[in-house]
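I opened the notebook today to record, step by step, what I looked up in one protein model. I start with the whole chain and then turn to how its parts are joined.

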Amino acid sequence: MQPDLHPDLEKLSFLIGRWEGVGVAGYEGTEEFQFGQRVEFSYEGGPFLAYSAQAWRMNRDGTLGEYVTSESGYWRVRPPGTERPEGAGEDVPPVHVEALIAHPEGFNEVYLGNVFANRVEMSTDAVLRTETGLEVTAGHRLYGLFGDDREILGYAWDMAAQGHELRSYMSAQLKKAGGGED
């Protein structure tokens with residue numbers, strides 16, 4: 001039984017479901033490659049969405065190959081009236097969404113961002129890593145629906161890691177799995 005969506009999550013409701021597709025990844029010192037990806041946003045009953053994503057290299061024949069990475073976490077929408085710090089002027093951009101994302105490469109990201117129509121843009125507020133974790137210092141992500149019927153979820157992830165400034169890392173175009181039903 002699916003609980004009624006928490007009212008604070010209405011802005012993120014377009015993300016709910018399982019999305020699958022293909023993307024491209026590459027970073028300094030890594031050859032660019034195509035990957036297959038599955039992303040899922042699910043509602044469990046609180047004022048948050050559970051998030052998970054997995055990626056595999058694409059084989060030449062178009063099938064999924066070796067595992068690349070995964071991530072999981074939670075996305076929360078700030079309640080109305082908390083979008084700007086107390087006393088902040090109009091020049092301070094609103095924060096509508098907070099995301100916590102954990103990576104098996106030994107780092108966690110805290111993102112803050114905004115939602116406009118069917119688009120989410122967010123940047124890291126903090127990055128924590130284990131002693132042996134990947135040296136990531138910042139990230140920027142953009143998620144949005146596009147296409148004639150807004151049926152494609154596109155995203156781009158820029159990352160600053162291993163001494164490099166923020167640069168493109170992964171991007172993909174995903175369609176709702178199961179023909180739009182979940």
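The entries below go from the overall picture to single residues.

**Entry 1, the kind of model.** I noted before anything else that this is a predicted model, and I kept that in mind for each entry that follows.

Along its principal axes, the C-alpha trace spans about 50 × 40 × 30 Å.

I then asked what share of the residues counts as buried. For the 182 residues of the protein chain, the value is 37%. The chain exposes about 10,300 Å², and carbon and sulfur atoms supply 48% of that area. Among the contacts with a separation of 6 or more, 43% are made by residues 24 or more positions apart. I also looked up the charges, and the mean positions of the 15 positive and 30 negative ones are 2 Å apart.

Strand S1 (residues 17-27) runs antiparallel to strand S2 (residues 30-43), and 10 bridges join them. Gly17 has Phe41 in S2 as its bridge partner, and Phe41 in turn stands opposite Tyr51 in S3. S2 pairs with strand S3 (residues 48-58) over 9 bridges, again in the antiparallel sense. I checked the hairpins as well: the one of S1 and S2 has 2 residues between the strands, and Gly29 takes a positive phi near 85 degrees there, while the one of S2 and S3 has 4 residues between the strands, with Gly45 at a positive phi near 120 degrees.

Which strand does S1 pair with over 7 bridges? It is strand S10 (residues 167-176), in the antiparallel sense, and Gly21 stands opposite Leu174 in S10. Strand S9 (residues 152-161) is also joined to S10, by 8 bridges, and these two run antiparallel, with Met159 opposite Arg167. In the hairpin of S9 and S10, which has 5 residues between the strands, Gln162 takes a positive phi near 50 degrees.

Conventions
Residues numbered from 1 in each chain as written. Predicted model: local features only at pLDDT ≥ 70, side-chain atom pairs only at ≥ 80, totals over all residues. Heavy atoms only, no water. Buried < 20%, exposed > 50% of the residue type's maximum accessible area, 1.4 Å probe, protein only. Contact = heavy atoms within 4.5 Å. Areas by Shrake-Rupley, 256 points an atom, 1.4 Å probe, with all protein chains shown as cover. Lys, Arg positive; Asp, Glu negative; His and termini not counted. Charge placed at Lys NZ, Arg CZ, Asp CG, Glu CD. Pairing = 2+ DSSP bridges.
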